[in-house]
Amino acid sequence: GFVPSDSSSARPELARATTDGRRWLRTGGGNMADDDDFNWDEDAGDDDGFGDDTGFDEDDTGFGDDGDDNFYADGDEGGDGDESLEPEVEVENAYYAAKDTAEDDAAAAIAEFKKVADDEKANLQPGKWGFKSLKRVCKLQHTLGKHDELLGTFERLLTYTKSAVTMNESEKALNSLLDFVADAPNITTLYDMTLDAFREKNEKACLRLELKLAKVLFARRDFDALNKTLARLHATCKLADGADDPAKGSQLMEIYAFKIQVATELDQPKELKQLYTRALKIKAAIPAPRTQGIIRECGGKMWMRAKQWQKAYEDFFDAFKNYDEAGSPRRLACLKYLVLASMLMGSDINPFEETRAKSYKSNDEIVGMISVLDAYDRQDIKDFERLLKKHKRSIMDDAFIKDYIDDLLRNMRTQVLLKRLQPYTRIRIAFISAELNVPAEDVEELLVSLILDNKIRGRIDQINGVLELDSAKSAEYWHYNAVQQWAERLSQINGALAQRV
């Protein structure tokens, strides 16, 4: 509960003043979690990353009421207001008044918050209320699109990190602020300003901040700026001879994860394979599951491009497990890629027999992929294509999966075709076309490929549109015959193109 106190020795940060100057002190009980000012001086702990921890300032989630800002006792709202308030109480009250104003008039609130910072500096010294006020101003200016003014306010805010607030407090507060203004056009300038303020004081904070900047640059696809940032980061994690420092395994894993993502996005297979190989050799003391997931996912995509389905399957499986452990939404995408690789490699193992994967069988993003896998196993081409259209959002809208649908269809058509040809010595191409649900030209191309690969023995009678199968003749005969037909086909295409020219 709260009891009134007339003691002038009461801690200011644990007090609120009524209009007659009396204070109300917390004596135990109650929930103060929503009051951002009650943990300013408490030890926030050692945060290992520039992540989602917003730290001491719980009001960072928006501009609304913090929930516990009204400290008047029930039924008692103060006296006649004749007594003058202490300077710190006046500044504090002005801060909360500005918060109320911000709910209805952002522009007016900016002026009030600035006045709070000015009054605190003039009557006391730069401290927590000025710091919190200027942070609020930055948010409001960003919301109003006043990004040039934001730079000036942010620069003033950074001066408080020198002595007004501790490094741990300022790092956490600025971290949440940078998250809030992440879509600002001058966000990289804000990061550079913060780095300059921290560089001489806290090397670890700078490392975390630059990794956070790398994430922003990657999201913006500003690969030139990102590569410069990563090069600067990597230089701090090397030994005198230029080799990677084994003692900085965790940081190196983060850096390589970004580099691998860039190589994947820019389609640089040679660079990707080199980075992937180096990353797997790094031994981090406590490897971050999310980082491991990124590396394995990109590795899986690399093997897919090389059509090494088995290796891709193994990497996607590892990526899925790591993402699942980290609670990352990327786990669903990797589970779909795992199913894709399973179909392409012709595995008889159902990926959803694995315990972790089984728990996602009913997920809306996965249901479509399971249906497609079932149609693929049944070799039902028409149902397979129908399901691809039905689950377009969860399957075909994924650009990576879409790139391999043709490979899947080709695999499936090949399997169905080989099965259909078994009882025949002669079969019309039109019949095969109807069975596979593809044009006759595509059937001929597929048949030629099967003959060249010695999977079937026969010849194509293009005049009558018939495939003649004969297992009596030698494999060399049918291989030569297929090459000849292929050459004739190319000649026809060349002639047709020449006529168009």
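Keep in mind that the model is predicted.

Let's start with the rings. The structure holds 15 aromatic pairs. Take Tyr95 and Phe113. Their ring centres are 5.7 Å apart and their planes meet at 55 degrees, so this pair is tilted. Tyr95 belongs to helix α1, residues 87–102, and Phe113 to helix α2, residues 106–123. The pair therefore ties together parts 18 residues apart in sequence. Buried or exposed? Tyr95 is buried, at 0% relative accessibility. Phe113 is buried too, with a relative accessible area of 0%.

Tyr95 has a further partner, Trp129. That pair is also tilted, with 5.2 Å centre to centre and 50 degrees between the planes. Trp129 sits in helix α3, residues 128–143, so here the link from helix α1 spans 34 residues in sequence. Both Tyr95 and Trp129 are buried.

Next, a cluster. Which residues do ring pairs link into it? Trp309, Phe316, Tyr337, Phe400 and Tyr404. Phe400 also has a charge over its ring: the charged end of Lys301 is 5.4 Å from the ring centre. Elsewhere, Lys259 lies over the face of Tyr256, at 6.0 Å from the ring centre.

Last, the surface. Trp486, Leu490, Ile493 and Leu497 make a nonpolar patch of about 400 Å². Look at Ile493, in helix α22, residues 475–500. Its relative accessibility is 41%, so Ile493 counts as partly exposed. Exposed would need over 50%.

That's the tour.

How values were computed:
Residues numbered from 1 in each chain as written. Predicted model: local features only at pLDDT ≥ 70, side-chain atom pairs only at ≥ 80, totals over all residues. Heavy atoms only, no water. Patch = residues over 30% accessible without salt bridge, like charges linked within 9 Å, V, L, I, M, F, W, Y side chains within 5 Å. Areas by Shrake-Rupley, 256 points an atom, 1.4 Å probe, with all protein chains shown as cover. Salt bridge = Lys/Arg side-chain N within 4 Å of Asp/Glu carboxyl O. Helix = DSSP H or I, 4+ residues; strand = E, 2+ residues; numbered from the N terminus. Buried < 20%, exposed > 50% of the residue type's maximum accessible area, 1.4 Å probe, protein only. Phe/Tyr/Trp six-rings, centres within 6.5 Å; stacked < 30°, edge-to-face > 60°. Lys NZ or Arg CZ within 6 Å of the ring centre and 35° of its normal.
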